[in-house]
Amino acid sequence: MSSRRDFLKTLGAAIVTTAGAPLLLNGCVGLATVRAQVDENQIKLNKTEIQALTVPNGILLVKAPQLPGPIILRNLPEVGIVAVSSICSHRGCEVRAMPHSLQCPCHGSEYDELGEVLEGPATRPLKRYEVIETPDLLIIKVS
Ligand code: FES
């Protein structure tokens, strides 16, 4: 019997093969990325920096030297913008953002878009960060 994970791996491989280059489904390669700084336990992004989040299910990676790995921002319909750590709760590998999940390449854990465990070996969710939107800024609280 084929699992959802097998299906997604096959789908991703097929797209990479047919396109000849890594695309969105091949992990974080090709995802919009912004570099930022943590200041007073906050990351402040101008709305002009988060254009990738203006579409439903849009994904944006935020990298900052003070963080152990990128933060994955996603614009979820009916939820809003969520911020999830890319550091796997199992043993600390960097998870990959897929269209509707997050997958760890090290031992196969899978998380939903909110960082909740769908499949182990991870047993704990990914770290979530509070997000505050103002008219001009998106603020991520990283404390
Ligand atoms: S480090 Fe992610 S599943 Fe093991």
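This is a predicted model: local features need pLDDT of at least 70, side-chain atom pairs count only at pLDDT 80 or more; totals for chains, interfaces and linings use all residues.
Residues are numbered from 1 along each chain as its sequence is written, and side-chain values use heavy atoms, with hydrogens and water left out.

View 1. The structure holds one salt bridge, the term being used for a side-chain nitrogen of Lys or Arg within 4 Å of a carboxyl oxygen of Asp or Glu. The pair links distant parts of the chain, since E133 lies in strand β10 and K47 in the loop between β2 and β3, 86 residues apart. E133 counts as partly exposed because its relative accessibility is 48%, and K47 counts as partly exposed because its value is 26%; buried means under 20% relative accessible area, exposed over 50%, and partly exposed in between, with a 1.4 Å probe and protein chains only.

**View 2. The open sheet of seven strands.** The strand order is β1-β3-β4-β5-β10-β11-β2, with mixed pairing; strands are DSSP runs of E of at least two residues, numbered from the N terminus, and two of them pair if DSSP finds at least two bridges between them. The edge strands, each pairing on one side only, are β1 (32-35) and β2 (42-46). From one strand to the next the twist averages 25°, where axes are lines fitted to C-alpha atoms and angles run from 0 to 180 degrees between N-to-C directions.

**View 3. Strand β10 and its partners β11 and β5.** Strands β10 (residues 128-133) and β11 (residues 137-141) run antiparallel and are joined by four bridges, and a hairpin of three residues connects β10 to β11. V131 has I140 as its bridge partner in β11, while E130 has K141. Two bridges join β10 to strand β5 (residues 80-85), again in an antiparallel arrangement, and in β10 the bridge partner of V84 is R128.

**View 4. The open sheet of four strands.** Here the order is β6-β7-β8-β9 and the pairing is antiparallel, with β6 (96-98) and β9 (117-119) as the edge strands. Strand β7 (residues 101-103) is joined to strand β8 (residues 110-111) by two bridges, and L102 has Y111 as its bridge partner in β8.

**View 5. The largest nonpolar core.** This core, a set of buried Ala, Val, Leu, Ile, Met, Phe, Trp, Tyr and Cys residues joined through side-chain atoms within 4.5 Å, has 19 residues, and those with the most contacts inside it are I43, L45, V62, I71, L73, I140 and V142. At least two residues of the core come from each of β2, β3, β4, β5 and β11. Apart from it lies another core, of 14 residues, among them I59, I72, Y111 and A122.

**View 6. The loop residue P68.** P68 lies in the loop between β3 and β4 and is exposed, its relative accessible area being 69%. Although P68 and S86 are 18 residues apart in sequence, their C-alpha atoms are 8.7 Å apart in space.
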